[in-house]
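Hi,

Here is the structure I promised to pass on.

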Amino acid sequence: MLSSPLLIQIPPSMQMTDEQFFDFCQVNRDLRIECNQFGEISIMPPTGSETGNRNFNVALQLGVWSEKDGTGICFDSSTGFTLSTGAKRSPDASWMKLERWNTLSSEQQQVFAPICPDFVIELRSLSDNLQPLKDKMAEYMQEPGVQLGWLIDRKHHRVYIYRPSQSEECLENPDTVSGEPVLPGFVLNMSKIW
């Protein structure tokens, strides 16, 4: 089994439009596919069962909070977003304010929406290299509208916290992580994640 993404480079003359990339992903829906700003396609291996369970627990906790809060909506790891650079990314879990989501047309909401969520989470599986995930988090932090990002490193029991125009913060083996002030009242219980 692959332990890191397979990177496919496409000649400039064969670059896909946004619509073609969306169609490509739809006909290959069993693959986890992203595209960077240079048009290089990453095909990521499926997560192992344990990582899938931990990712579900992250999404579950975020979803329960979001339902109670009512000011935004959540997205799972299979949701693609088109960033301002043209990159197509799929955070492991994310949340967006309804007021931002509602600015998109119905057509934009049906494809890889041309917007970055307010809050993004990436969960490092034990076989993932850390630096590409840190690079992805830095990429998110350059996007209009993003306010907070967490990179959860299960291997070393660390949570890297990202905010636009601020230095990365690292929490060592926290019991909980607070989403304040971006996600008022959201606290991620790490006992279900480690």
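C116 is buried, with a relative accessible area of 2%. Its closest cysteine sulfur is the one in C74, and at 14 Å that is too far for a bond. Keep in mind that this is a predicted model.

C35 is buried as well, at a relative accessible area of 7%. For C35, the closest cysteine sulfur belongs to C25, 8.4 Å away, and again that is too far for a bond.

Why call β10 largely enclosed by the rest of the structure? Because four of its five residues are buried.

- With β9 (residues 148–153), β10 pairs in the antiparallel sense over five bridges. L151 stands opposite Y160 of β10 here. Four residues lie between the two strands of this hairpin, and H157 in the turn has a positive phi of about 55 degrees.
- With β11 (residues 169–172), β10 also runs antiparallel, joined by four bridges. In this pairing V159 stands opposite L171 of β11. The hairpin has six residues between the strands, with S165 taking a positive phi near 60 degrees.

Cheers

Key: Residues are numbered from 1 along each chain as its sequence is written. This is a predicted model: local features need pLDDT of at least 70, side-chain atom pairs count only at pLDDT 80 or more; totals for chains, interfaces and linings use all residues. Side-chain values use heavy atoms; hydrogens and water are left out. A disulfide is a pair of cysteine sulfur atoms within 2.5 Å. Buried means under 20% relative accessible area, exposed over 50%, partly exposed in between (1.4 Å probe, protein chains only). Two strands pair if DSSP finds at least two bridges between them.
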